[in-house]
Amino acid sequence: MKDKLTHLWAAFCLFTRLPLWRIWNVSAEAYPHAIHHWMVAGGVVAALLGGVTFFLLYSWLPVSLTVLFYILAGLFISGAFHEDGLADFFDGFGGGTTKERILEIMKDSHIGTYGVLALISYFLLTFVSIGEWASDFMGLYKAPQACFLIVVVTAVWSRFLAMFVPATLPYARTAEAAKVKMVYAPWNISVYLYMFIFAALIFVTFLLLFPYKMNGLLFWFTTPVLMLVALYSLMKKNIGGYTGDCCGATVLLCELSMHITMAALAYYHITF
């Protein structure tokens, strides 16, 4: 149990820029296991951000400012960890024609045209899509609760899906060539069970607490699966594995697909 808690703490230290290491500085051996708790860490951070955003600010500020706060606060807490991966992913796969060249471009600290366009597109689509569904809910019964549940489930479900990339694909570099100088620990039955139980609990909680009946919620959960399949195929075909940048890009694009889908569902299918 102590090892699991150590690994969970390492996940919070790795995937956020909060100075948690000042409270408990875990050993370097714990960090390769942090990926196993990526989903939990992401869900907790989303819950904290969603709680402040939608229970405190949502009713007092314009939706645009509320959503902007949510996005900027997330960047501040994470240190743009996944966004950096998204930019490198598009630079590598957009400009590279061979495995070696793709990996070389992704490791380059400079950002290219594809990365810039990817970030601009990502933030515009995220801002607009969250703003759309948050606006459609505003003023309705238990709107803050609905918005809070959406951001938490989006964070958990997207990471649950993205975790299948490092779980089933080989790492495309060596540990020495990796940006963080490590390779994630292998997966076993207990980790898969842990993943499925946590995801199932979040899913059931959402179904029990979500205050509206919305046609198409199954589609909301299915869209990121299609995104995962497309990205997974791209990685396997072009580099025969994954990198940390691939994981970051996968989770952000899965999240984005859920926000866009929810914007469409909320616009057409809110019923009581």
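Q: Which residues have the most contacts inside the largest nonpolar core?
A: In this predicted model, they are Trp133, Phe137, Phe210, Met214, Trp220, Met235 and Tyr242. The core has 87 residues.

Q: What does Phe210 touch, leaving out residues up to four places away in sequence?
A: Phe210 touches Phe137, which is also on the list of residues with the most contacts in the core.

Q: On to H9. How many residues has it, and what is its reach from first C-alpha to last?
A: H9 covers residues 189–209, which makes 21 residues, and it reaches 30 Å. That is close to the 30 Å expected at 1.5 Å a residue.

Q: Which residues of H9 are buried?
A: Val191, Met195, Ala199 and Phe206.

Q: Where do they fall, seen down the axis of H9?
A: The buried residues of H9 fall within an arc of 55°, so they line one face of the helix.

Q: Why would spacing along a helix matter there?
A: An α-helix has 3.6 residues a turn, so residues three or four places apart point the same way.

Q: And what covers that buried side?
A: The cover includes helices H2 (38–57), H7 (143–162), H8 (164–168) and H10 (217–238).

Q: Which exposed residues are on the face turned away?
A: Ile189, Leu193, Leu201 and Leu208.

Q: Which residues are closest to the centre of the largest one?
A: Of the 27 residues lining the largest cavity, Tyr70, Gly74, Glu83, Arg159 and Glu255 are the closest to its centre.

Q: Which elements give two or more residues to that lining?
A: H2, H3 (63–78), H4 (81–95), H6 (113–137), H7 and H11.

Q: What is His259 in contact with, beyond its neighbours within four places in sequence?
A: Ser129, Ile130, Trp133 and Thr154. Trp133 is also among the core residues with the most contacts.

Q: Now His7. Where is it, and is it buried or exposed?
A: His7 is in helix H1, residues 2–15. His7 is buried, at a relative accessible area of 14%.

Q: What does His7 touch, not counting residues up to four places away?
A: Ala30, His33, Ala34 and His37.

Key: Residues are numbered from 1 along each chain as its sequence is written. This is a predicted model: local features need pLDDT of at least 70, side-chain atom pairs count only at pLDDT 80 or more; totals for chains, interfaces and linings use all residues. Side-chain values use heavy atoms; hydrogens and water are left out. Helices (H or I, at least four residues) and strands (E, at least two) are DSSP runs, numbered from the N terminus. The expected span of a helix is 1.5 Å times one less than its number of residues. Buried means under 20% relative accessible area, exposed over 50%, partly exposed in between (1.4 Å probe, protein chains only). The arc is that of the directions from the helix axis to the C-beta atoms. Contact means heavy atoms within 4.5 Å. A nonpolar core is a set of buried Ala, Val, Leu, Ile, Met, Phe, Trp, Tyr and Cys residues joined through side-chain atoms within 4.5 Å. On a 1 Å grid over the protein atoms alone, a cavity is a set of points where a 1.4 Å probe fits but cannot get out, and a pocket is an open set with protein on both sides within 12 Å along at least five of seven lines; lining residues have an atom within 4 Å of a point.
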